[in-house]
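Good morning, and thank you for joining. Please look at the structure on the screen; I shall then go through a few of its elements.

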Amino acid sequence: MAQDQKDFFISYTGADRQWAEWIAWHLEHAGYSTIIQAWDFRAGGNFILEMHRAAIDSARTIAVLSEKYQQSFYTQPEWAAALVHDPTGKKRLVVPIRIETVEPVGLFAPLIYIDLAGLTEESAKKKLLADIQATMSSEPVRPKTAPNFPGQPGIVQTPAIPQPRFPGTLPPAWNVPLQRNPNFTGREAILTGLHEQFGASTKQIIHGLGGVGKSQIANEFCYRNAGDYEVVWWLRAENASSLATDYASLAGQKALNLPERGEQELEVIINAVRDELNHRNKWPLIFDNACDFESIRSYLPQASSGHVLITTQNPDGRQIGVPRKIETWTRPESIAFLKHRTGQDHDKDAGALADALGDLPLALEQAGAYIENSGISIAKYLELYNTRRAELRKDESAPHDHPESVDVTFTLSIEKAREREPLAVTVLNLCSVVAPDMIPKKLLAACGEHLSQEDGGGLQDELILNRAIAALRKYSLLSVEPEHVSIHRLVQPVAQERVGEEAISRYRGIMLGVLSKQFPTEGYDNPACWPECEQLLAHAEKITEESEPIVETAILLNSMGLYYHGRAFYVKTEPLYRRSLKICEEQLGGEHPNVASSLNNLAALLDDQGKYAEAEPLYRRALKIDEKALGTDHPGVATDLNNLSGLLTTQGKYAEAEALYRRALKICEEQLGGEHPNVASSLNNLAGLLREQGKYAEAEPLYRRSLNIREEQLGTDHPGVATDLNNLAGLLRAQGKYAEAEPLYRRAVQICERSLGESHPNTITMKNNLAVLREIMNKG
């Protein structure tokens, strides 16, 4: 053995830290040397390098074997390196020590382990040291003296420094009301962070939505770290009376045994407890479910010798301690929990259920309990949830370790927010009818203009909206960003059921009207509006799925379709256009201009996909409607003429197409003026037709005039400018003017890459055109 090499590196997962420290302490007091993360790794060091060094600098690795250890991804490298050098176990380089009843699996299965599971402290100590001695010896170990008569107590010498409490034994003062949760899942980073952060700050706050698992995290923290404390005291902080009673009851504990414990005045006892804690160490106080930080301030000891952990829905505790937001489970954590809770090994079904329940721990526990009690599959539960949710919730009950079900938990929080600010409920109702994430505040404000005083008008006032949002945030019903708010998807149905379908239909109608006005209508040809479209898209999708088939629904569907069409997402576009057309025909009649607009958009989509036979009758019907409804010289008719002419050109029907193009150009120039972008479109289209017929001299001035108009009216980086550049370059290429064409193609590509993105069909087409030109020039 190298001179500085340690006997053992102790590998463990965070849940088993107490066991690891107990093992290390007894080994060191028996004369062995150890490396253990809890004692030997320091802040500021590189964890990966420290772990690597520990494995190299130790003769053997002890694996503290538990179910969580075998499931942990992070512990595997710690013992895998040793097994590489000792795959058969002959050298005994990896020594598993089993601390709970768990069947070794994988590479641990063939290894002989030291079994401490279920033993008393003294028996475990004797077993540990005897088996470690045998492991270190190359010869079988025999006792030098006769073993004690079974049952005869030995003499235990008191070490010079206190030894760690035997894992599983509780401190002298302990009132944690819950049993340790055998199904506790994940949260390793949070628990480790709390333990480490207490070295820097004595007061920490975990906050989040009701049902997210804050109390369970605090409960696991108490059990996991019980060996560090002499007093662990849980305080029900949701109301003043329970908080005062729990705090005062600590005075009578044997560990404190304060003379004031018999006083009549609670305040006297509370002051005595707080003063005693100010002069003690090794204690945490758990303030569970605190609503108001001011109500607990007077209970907080001033000394930094102990720890305070507060669970709350309120995120505004920075003046008290260090806040840490608790999010829902990650999807892998949700899946792992459901599989463990139900005993069903179906990742896909578990993932689908986790998605439906928004990865909320309380909801997943309720589902798991129902699945277990009913003997049904995860897939069957999901089917019931999707089809009979209200009935299913009535049959479910709150978990034994949580006071209320998911619905009741959220309902109580909503009521508290309403009491603080009545308009909070209005904001929540509006948030319940759109997608749960990233709801723009400006959308909520715009709805305020259409709300009656009864429904909560006034939200358009920024200060009023801020007050309502703050009340919801206080109970974690909303997550708040500078420009957006988000709501958990399970809060949405609770909010809706609380006020009823009639009221929600009214809120949905208001939101639909606002979205139909706010969603950009120029998504087809203006990439500058795409970011706003993307912000509103998820909300528009949900509202149109759940709204009545009215005109505003059709308008919003059409605007969504234009955005998808502009992005060349044709598969998503077509059902939106078709649904919009159907609603317009039903609501407005078959001869309305809105019907013509829907027909035009659908025909253009089919045209872009080469479905000319389907597109042509739609174009012709749209033209007929607009001529009748708007008049033959209306700009809308010019648009119809341009669209139909483009299709005819593609089909080689040049004579008919040219006549329609020239008519469209005449209408636009007369009705809109010679510099309007629509004039540019007509010029560009007519030039394209002339080029197809080889009439280059007639086409070129039209292309150049179109380009000048668009650069002036739309800006030099607009995709329409790129189209003109590409078309003019194509004309020059056809005439052999390669040197003139090449910079135009290059500029068109640059504009498209910036505005449309590299994967857009227009960008790809223009890149291909440039490549073809360069190939021609290279050959020449």
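Ala290 has Thr312 in S10 as its bridge partner. Before I continue, a word on the basis: this is a predicted model, in which local features need pLDDT of at least 70 and side-chain atom pairs count only at pLDDT 80 or more, while totals for chains, interfaces and linings use all residues. Residues are numbered from 1 along each chain as its sequence is written, and side-chain values use heavy atoms, with hydrogens and water left out.

Helices (H or I, at least four residues) and strands (E, at least two) are DSSP runs, numbered from the N terminus. Two strands pair if DSSP finds at least two bridges between them. S9, residues 284–290, pairs with S10, residues 307–312, in the parallel sense over five bridges. S9 also pairs with S8, residues 231–236, again in the parallel sense, over four bridges; there, Trp234 stands opposite Ile286 of S9.

How many residues of S9 are buried? Six of the seven are, where buried means under 20% relative accessible area, exposed over 50% and partly exposed in between, with a 1.4 Å probe and protein chains only.

Let me turn to helix H9, residues 240–249. Its buried residues include Leu243 and Tyr247, and the buried residues of H9 pack against S8, H10, S9 and H11, contact meaning heavy atoms within 4.5 Å.

Finally, Arg710 lies in helix H31, residues 696–714. Arg710 is buried because its relative accessible area is 11%. Leaving aside residues up to four places away in sequence, Arg710 touches several residues, among them Asn684 and Asp724.
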